Amino acid sequence: MNNFYIIPATLQQQGIWFHAQKNPGLSWNTVEIKKYSGALNYLVFVKALETIISAHDSLRTNFRITEGTLYQQVKAQFSIEQYIHYMVLAGGAELAEER
């Protein structure tokens, strides 16, 4: 059993895909790094992110081409925890923890 389902890309998605292929280096995704101070309940933070992601298919969607046709590949479930880089300040030195 697959942990994803596949549906054809919409015309708008096909247009964006085509434009991105003709303009390499163009970015549709933005990465932000935020720095906060104070206590963080890591488990609650991860659960909140996963709740948001589970409610929105677009946050679990990748695209692939099969036999010349663009498709959406939507994951049924997604675990964000492997992608979180959690920084802890301890004794004045930064320690990076991969959770």
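Guide: Arg60 is buried, with a relative accessible area of 7%, where buried means under 20% relative accessible area and exposed over 50%, with partly exposed in between, for a 1.4 Å probe and protein chains only. This is a predicted model, in which local features need a pLDDT of at least 70 and side-chain atom pairs count only at pLDDT 80 or more, while totals for chains, interfaces and linings use all residues. Residues are numbered from 1 along each chain as its sequence is written, and side-chain values use heavy atoms, with hydrogens and water left out.

Arg60 sits in the loop between α2 (42-55) and β2 (61-66); helices (H or I, at least four residues) and strands (E, at least two) are DSSP runs, numbered from the N terminus. The side chain of Arg60 reaches the backbone oxygen of Ser54 at 3.0 Å. Leaving aside neighbours within four places in sequence, Arg60 is in contact (heavy atoms within 4.5 Å) with Ile53, Ser54, Ala55, Gln73, Val74, Lys75, Ala76, Gln77 and Phe78.

One of these partners, Ile53, is also touched by Ile80, as are Val46, Leu49 and Glu50, not counting residues up to four places away in sequence. Ile80 belongs to the loop between β3 (69-75) and β4 (85-90) and is itself buried, with a relative accessible area of 16%. From C-alpha to C-alpha, Ile80 and Glu50 are 6.4 Å apart in space, although 30 residues separate them in sequence.

Within α2, the residues Tyr42, Val46 and Ile53 are buried. Seen down the axis of α2, its buried residues fall within an arc of 30°, so they line one face of the helix, the arc being that of the directions from the helix axis to the C-beta atoms. On the other side of α2, Val44, Lys47 and Ala55 are exposed.

Beyond the loop that holds Arg60, β2 runs antiparallel to β3 and is joined to it by six bridges, two strands being paired if DSSP finds at least two bridges between them. Ile65 stands opposite Leu70 in β3, and in the hairpin of these strands, which has two residues between them, Glu67 takes a positive phi near 50°.

As for confidence, pLDDT (the predictor's confidence in each residue, from 0 to 100) is highest in β3, at 93, and lowest in strand β5 (residues 93-98), at a mean of 44. Where pLDDT is low, the predicted coordinates should not be read in detail.

Key
A polar contact is a pair of N or O atoms within 3.5 Å; within protein, one must be able to donate a hydrogen and the other to accept it, and residues adjacent in sequence count only if both atoms are side-chain atoms.
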